[in-house]
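Subject: Structure handover

Hello,

Here is the structure I promised to pass on. Please open it first, then read my notes below.

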Amino acid sequence: MATQQQQSAIKGAKVLMVGAGGIGCELLKTLALSGFEDIHIIDMDTIEVSNLNRQFLFRRSHVGQSKAKVARDAVLRFRPNINIRSYHANVKNPEFDVDFFKQFDVVLNGLDNLDARRHVNRLCLAADVPLVESGTTGFLGQVTVHIKGKTECYECQTKPAPKTYPVCTITSTPTKFVHCIVWAKDLLFAKLFGDKNQDNDLNVRSNNSASSSKETEDVFERSEDEDIEQYGRKIYDHVFGSNIEAALSNEETWKNRRRPRPIYSKDVLPESLTQQNGSTQNCSVTDGDLMVSAMPSLGLKNPQELWGLTQNSLVFIEALKLFFAKRKKEIGHLTFDKDDQLAVEFVTAAANIRAESFGIPLHSLFEAKGIAGNIVHAVATTNAIIAGLIVIEAIKVLKKDVDKFRMTYCLEHPSKKLLLMPIEPYEPNPACYVCSETPLVLEINTRKSKLRDLVDKIVKTKLGMNLPLIMHGNSLLYEVGDDLDDIMVANYNANLEKYLSELPSPILNGSILTVEDLQQELSCKINVKHREEFDEEKEPEGMVLSGWTPSPATNGESASTSNNENPVDVTESSSGSEPASKKRRLSETEASNHKKETENVESEDDDIMEVENPMMVSKKKIRVE
């Protein structure tokens, strides 16, 4: 039972929830049942069928409706006397500015992406409102508390970047099934059904390099009178046969690698598929383009069944035929969507055929969809646990029990007989460019990089700024806003196409830039360091941004090492300044166990985000209760 002080804090609180998905549904229910009476919810998503297995406030009749609104209506049915206001909108919209955030006593995040998390973190810092952050992935989860000036902000520690793979591995020497998925999704699917003008490595896989461009152009271009099945076989033979033959011509590549096997349709498929499979006009199609499927006409029902080479080849041709027969208007601007059944079938089949060629184990449709959609399947119980922990921390925040704040990690396997590991929040990182004034360092070729590269790759993508303003000294080089006149917009657009060294106020080695986002009320400095060359594989963007100061070395260890195999100092004191004799080091075996729990957590579904592991943050004092 809550104490009178807790009840008073709860009833008088105005709470903002961001996200009404897996965590959000559990959180809204728990807030309402805990006595909170003034709750606001922001979520831009609509309900999908795949949400229904864990987002329990939704029913099939709600599919297509606003998550925030339906969640509000569902909770009001059993707590009709409380105030819940829903916003079906993007939290990054201008109306949700610093003044909007200032009206709340605490903000609770149940988001599914890094960009929105960073945005909310910055608004909370600017508004000086406490933030309780959360995330789940499978059985793992976390809840962290962020108070301006007292604990680290959400961005004080670098977050794991999405897993990427070298282009040469994807196009030429795949060794894992995920390489085949990326090839099928980002190269082949995009080439066949996406923007026809885009360049990708499928354009240059030919025995005759002098004519490769023309030959490849002809392969992917379907003539008006060309039969769909003939076109499909032509694509099949090119990407799984001719391209592999071309790759094999480079003997040096295969000296220490397993040689792939070219696969041609005539060796796998019957001479004609029409009589065997029937016309595409008779294929089983359910309501909605995203549910068109090649499987029913081929007698395939179980998505967890492993298809052989012939079945994958049949699905490949049938899916391609269905795209042209049923969804022709979409071809030319399609992008892969994990909820698009036909797209998933095509990518699965293509990836499996390529895997067969390179001697890589095949995967089922169910497994391939998880990889292609970066899905780690959600666990409803984990969401419920995390939602409960969010409310516990929110109550502490409202009572201002600073000494009792905890960052809590939900583990898949017991550690010291615990599945929940609470630790004290860390202090603000003095090297954080968001909540401190530490400048960043940008290595870039100022003579070959344009201002557009800086804006798109650094300011917007890495720094997460929505409405950036860039100044060099007293010169305003770039600005975004609705209040700009046509002349200003034209000048800024002209600047975007200029090389950094040729701007009105040239950016050279040693230049210091001021970058601001007025919506987030965030400002930071960037020190520019000119650099001539970059490694195309390791540094494909042609620039490197850094600015994190390594933690001080302790116990004679290098300050630059920070991985989950290093031992972690554990102390029973909250002061963080205990002498080394009172610290207890985690054994390497125990640290390794925690590594195994989290090393495969690279992906997310609609209510998942990266999960930090307390055992992965080196050189920090941890208090375990």
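Is Tyr87 buried or exposed? Tyr87 counts as buried, because its relative accessibility is 11%. Here buried means under 20% relative accessible area, exposed means over 50%, and partly exposed lies in between (1.4 Å probe, protein chains only).

Some ground rules before the rest. This is a predicted model, where local features need pLDDT of at least 70 and side-chain atom pairs count only at pLDDT 80 or more, while totals for chains, interfaces and linings use all residues. Residues are numbered from 1 along each chain as its sequence is written, and side-chain values use heavy atoms, with hydrogens and water left out.

**Overall**

The protein has 18 helices and 16 strands. Both are DSSP runs numbered from the N terminus: helices are H or I with at least four residues, strands are E with at least two. Of its 625 residues, 51% count as buried. Take the contacts in the protein with a separation of 6 or more: residues 24 or more positions apart account for 68% of them. Contact means heavy atoms within 4.5 Å.

**Aromatic pairs**

A search of the whole structure gives 20 aromatic pairs. Rings of Phe, Tyr and Trp (its six-membered ring) pair if their centres lie within 6.5 Å; planes under 30 degrees apart are stacked, over 60 edge-to-face, and the rest tilted.

Phe100 is buried, as is Tyr87.

Elsewhere, ring pairs join residues into a cluster, including Trp183, Phe193, Tyr231, Phe316 and Phe346.

Two lysines sit over rings. Lys14 lies over the face of Phe104, 5.6 Å from the ring centre. The charged end of Lys450 is over the ring of Tyr499, 5.7 Å from its centre. The rule asks for NZ of Lys or CZ of Arg within 6 Å of the ring centre and within 35 degrees of the ring normal.

**Salt bridges**

The count comes to 25 salt bridges. Each is a side-chain nitrogen of Lys or Arg within 4 Å of a carboxyl oxygen of Asp or Glu.

Asp115 and Lys92 form one of them, at 2.4 Å from N to O. Asp115 is in helix 5 (residues 114-127) and Lys92 in the loop between strand 3 and helix 4, so the bridge ties together parts 23 residues apart in sequence. Asp115 is partly exposed, with a relative accessible area of 27%. Lys92 is partly exposed as well, at 21%.

Glu497 bridges to Arg452, with the closest N and O atoms 2.5 Å apart. This pair links distant parts of the chain, 45 residues apart: Glu497 is in the loop between helix 17 (486-496) and strand 12 (512-517), and Arg452 is in helix 16 (residues 451-460). Glu497 is partly exposed at 39% relative accessibility. Arg452 is partly exposed at 32%.

There is also a network of salt bridges. It links Glu229, Arg233, Glu318 and Lys321.

**Nonpolar cores**

How many residues does the largest nonpolar core have? It has 62, and Leu188, Phe193, Phe316 and Phe346 have the most contacts inside it. Several helices each supply at least two residues, among them helix 9 (228-248), helix 12 (309-326) and helix 13 (341-357). Helix 7 gives the most, with twelve residues. A second, separate core of 43 residues includes Ala9, Ile23, Leu389 and Ile390. Such a core is a set of buried Ala, Val, Leu, Ile, Met, Phe, Trp, Tyr and Cys residues joined through side-chain atoms within 4.5 Å.

**The annotated site**

UniProt, in an unreviewed entry, places the feature "active site" at Cys168. UniProt positions follow the numbering used here, feature names are shortened, and annotations may be inferred rather than shown by experiment. Cys168 is in helix 6 (residues 167-171). Cys168 counts as partly exposed, at 38% relative accessibility. Leaving aside neighbours within four places in sequence, Cys168 is in contact with Thr173 and Glu537.

Best wishes
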